[in-house]
Each structure stands twice: as C-alpha cells, then as structure tokens.
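Subject: A structure for you to look at

Hi there,

Here is the structure I promised to pass on. Please open it and keep it on screen while you read my notes below.

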Amino acid sequence: MTKITIIGSGFGGLSAVREVRKRDKKCEITLISPRADFIYSPSLIWIPTGLRTGKQITVPLQKFFKRMKVEHVAAEVSGLKDCGRMVETSAGEIANDGLIIASGSRFLKKLPGFEHALTLCEGVKAAEQIKARLEAMDGGSIAFGFSGNPNDPLAVRGGPMFELMFGVETMLRRHKKRQNFDLKFFSPAPKPGIRLGEKAYNGLLKKIGQKGIEVASLGVKLERFEADKVVTQEGEFTADLILFMPGMTGPGWLDNSELPRSKGGMIEADETTRVKGFEKVYVVGDSGNYANAPDWGPKQAHMADLQAAAAAANLLGELKGKASKETFKWELICIVDTLDTGIMVFRNEKRKTLLPATKLMHWSKRAFEWNYMRQYR
Ligand SMILES: Cc1cc2nc3c(=O)[nH]c(=O)nc-3n(C[C@H](O)[C@H](O)[C@H](O)COP(=O)(O)OP(=O)(O)OC[C@H]3O[C@@H](n4cnc5c(N)ncnc54)[C@H](O)[C@@H]3O)c2cc1C
C-alpha cells in the first residue's frame, strides 16, 4: 500500500491529511509531530488579555486521526535522506513513498538582549507569560514591535503584533488602568504592515494614533534590548515590558537534509508546491518559499490550507506517474482584532479590500475560530 508521510500537525499538516484522504481512501498516512494536538495560533492573541486560555485553543487530535486513519508518531524530525524517502526522527527512521512537509518556521533570535523580550508567536507558554507579566503591572511602559528576515521580505509576522497591541490597550481601558501606561510601537521597517496594502497600512497607523499609542521608532535598525529599554541605532526608549516578534526562517532540521533552501532559509518549491529537484516531496505553509509568490505573499494559515490542497493532488498524481500541475491562488485575508472590534483586510492579485473596524468583525473572527477548530475535534 502507498505510504504517505506528513511532517507537522499545524494548519498545513492537518489540511494535507484532509486533502489526501478526500482523494485517496486507502493509502497509509503517517503524521510526525511532537504532540497529537493542534494549536489554533490566531487565537494566541487573546490569551494575554484573558479572552482565551491555552486549553481553549488546543484541540487533541486522537479522534481526528482515527477518523482519517492516520498513524501519529509523536516525535521530532531531525533530518531527511535518500532523496526524501527516509525521514529521520527522534523515534527512529520512517520510510515513505511520498512526503509532505508542513513543519512551520522558527524565529531568528540574533538580536543581543533578546532574552529581555517575550514573543507571543512562540506559543501558549509565551502567551501565558505575557498575561502574567501584564497582570503584575499597575503601570509603566510597554513596547510592541516586530521585524523581518533581511534575506526574505515575506518571512515576517506583523499582524498578530498589531492585534496584541490593540487588544492590550482595550483591556487596560476596560480595567480603568490605561492612564497608568505608556504604550509604544517600534519596528526597523519604514512601513511595517505595508504588505496588507497602502490603505490598510494607513488604517493601522490611524488606529495607533486613535488609541494614543506612541510610535517610538520606525525604519531604524535595532541594536539590542536591555531589561528596561529598547536601543536602536539612533537612540533608545524605555520599556518595562518588551513584546517583540522577530523575523522567521526555515525549520532547523533542514540542516540535516539536502533540500534546496532560499536565501531566507525556507524550502524552495515551485508553483505546484513541489520541492525543487526532488521527486514526490512537497512543502506547504510557512516552511516553503514558493516560486510564484507575489511580493505581498503572506505566511498565513489560509495559504497553508490552499497549498495543502495543491500538494495532496500533485503528490497523489505523481505517485500514479502524472506530472504535477495543480497550482494554488495567493490570497491575504485577515481580521485585525482589537478585542472589541475587527478590521477586515483582503488582498489578491486583482483587488484590495479594507473594511473599517466593527464589532461584527470581532465576532466573525470568533465564529471562524469555533468553526475551524470543530473539524478537528
Ligand atoms: C499569534 C498568531 C496569529 C496568527 N494569526 C493568523 C490569522 O489571523 N490568520 C492566518 O491565516 N494566519 C495567522 N497566523 C499564521 C498561521 O498560524 C501560520 O501561517 C500557520 O500556522 C502556518 O501553518 P504551518 O502548517 O506551516 O505551520 P504550523 O501551524 O506552525 O505547524 C507546524 C507544525 O510542525 C510541527 N513541527 C515543528 N518542528 C517539527 C519537527 N522538527 N518535527 C516534527 N514536527 C515539527 C509543529 O509542532 C507543528 O505541529 C498567526 C500566527 C500566529 C503565531
């Protein structure tokens, strides 16, 4: 029987399971990830402000794996050999006829003093640490910032930082503590968030102004963090709490593989999600650098889902001797949440849409979360 291996149980990996199973009821699917659970990462933004707990955004996957007839191997991938046919893991070697890689990205933590900052996107534990730090503060300054990967303009995650900043501001107002806090925004990018489109970027800057958040530094290279300050090449500003999202690069285990990598450290794939130069090896989601990406191409869960559909169709086709031809469309879609409202941003090759902040969009984001997690329960 055909053996398909999938690496990762995040958005891309689980969508790949659904898409493979939809097309092939019989093949063996082995999924390798450290734990049999799914973290709905877009809702990490709501842990520091108390709207969600880690448990509420974590779905145990045993039932889903049973329904999909997936064998889960709880292990970490450490490398790849035999042109992708053998995956090396902490639980031993796993052979495959076809491979889909969806092991996400990791953060670049080269900035001196990085240990003084907390990074929301690292997961539930980091989000809970931010919550604890916020609860312990009666006043002071909080700096929110993000940067990118100098070798890959697409390897940046800024949206959640705007959401965290707006959410914390709303929470402080609700708790009648806003007047005790200075909130500051910083980024080495001259126009952080511009990939959402000019209109959306201007809308975000306007929101920052409306919420009384100081733009402390824009377009100036960061030098280091200290316990109570952010130091840039042109000056410094105080911060009792630094919340920072660095740029992203590819998974560390790639060092022990022959897979082609982009300058930014992601796996090089063509427009069908097939890894360049490798047979029956595909990549979906944040781990990949795709040949057809526009200069605003997002690293988003929605893209991972679209790429997984293409990867599944192409891999199953290739296993039957057909050439890979399914591509996927590029779409940026997100609701930038403020804890009580949401700003809807949409972008594709043809149009850009921005809907102003409304309560309806906040509730739409919550409804989408419930519906998305439901399919894995
Ligand atoms: C705070 C936050 C908010 C976000 N908001 C949105 C949003 O509103 N909308 C949106 O579309 N996107 C959003 N994103 C982005 C979205 O979460 C990512 O683009 C998406 O998770 C990428 O999917 P992926 O499958 O590539 O990686 P992931 O979902 O990160 O999954 C990676 C998987 O690989 C596993 N893994 C990692 N290393 C190994 C290894 N060595 N061996 C085995 N398994 C491994 C991990 O455990 C995990 O299961 C947000 C992200 C964050 C962090």
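Let me begin with a sheet: 3 strands form an open sheet in the order 23-24-25, with antiparallel pairing. Its edge strands are strand 23 (331–337) and strand 25 (352–358), and each of these pairs on one side only. On average, neighbouring strands in this sheet are turned by 5° against each other, direction ignored. Before going on, please keep in mind that this is a predicted model.

You can follow the pairing residue by residue. Strand 23 and strand 24 (residues 342–348) are joined in the antiparallel sense over 7 bridges. For one example, find I333: its bridge partner in strand 24 is F346.

In case sheets are new to you, here is some background. Strands of a sheet pair through backbone hydrogen bonds, and the pairing can be parallel or antiparallel.

An open sheet of 5 strands has the order 11-18-12-13-14, and its pairing is parallel. At its edges are strand 11 (117–118) and strand 14 (214–218), each pairing on one side only. Strand 11 is joined to strand 18 (residues 241–245) by 2 bridges, and the two run parallel. Look for A117, which stands opposite I242 in strand 18. Helix 4 (residues 159–174) lies across strand 12 (140–146), strand 13 (181–187) and strand 18, and its direction makes an angle of about 160° with strand 12.

Now zoom out to the whole chain. How many helices and strands does the chain have? There are 7 helices and 25 strands. The C-alpha atoms fill a box of roughly 65 × 45 × 40 Å, taken along the principal axes. For 377 residues, a compact globule would have a radius of gyration near 21 Å, and the chain has 21 Å, so the two agree.

The chain is divided into domain 1 (3–105 + 250–319) and domain 2 (109–247). Notice that domain 1 is written as two stretches of residues. The C-alpha centres of the two domains lie 29 Å apart. Where they touch, the contact takes 21 residues from domain 1 and 23 residues from domain 2. The side of domain 1 that touches domain 2 has 9 nonpolar, 9 polar and 3 charged residues.

Finally, have a look at the ligand. Which residues are the closest to the ligand? They are G8, G10, G12, G104 and G285, and 34 residues surround the ligand in total. Helix 1 (11–23), strand 2 (28–33), helix 4 and helix 6 (301–319) are the elements that give two or more residues to this shell. By class, the shell has 17 nonpolar, 14 polar and 3 charged residues. Domain 1 and domain 2 each supply at least three residues to the shell.

Happy exploring, and do write back with any questions!

Best wishes

Terms used:
Residues are numbered from 1 along each chain as its sequence is written. This is a predicted model: local features need pLDDT of at least 70, side-chain atom pairs count only at pLDDT 80 or more; totals for chains, interfaces and linings use all residues. Two strands pair if DSSP finds at least two bridges between them. Helices (H or I, at least four residues) and strands (E, at least two) are DSSP runs, numbered from the N terminus. Two residues are in contact if their C-beta atoms, placed from the backbone, lie within 7 Å. Axes are lines fitted to C-alpha atoms, for helices over the stretch in contact, and angles run from 0 to 180 degrees between N-to-C directions. A residue is near a molecule or strand if its C-beta atom, placed from the backbone, lies within 6 Å of it. Ala, Val, Leu, Ile, Met, Phe, Trp, Tyr, Cys and Pro count as nonpolar, Asp, Glu, Lys and Arg as charged, and the others, Gly among them, as polar. Domain bounds come from an automatic or database domain assignment. The radius of gyration is taken over C-alpha atoms; the globule rule is 2.2 Å times the number of residues to the power 0.38.
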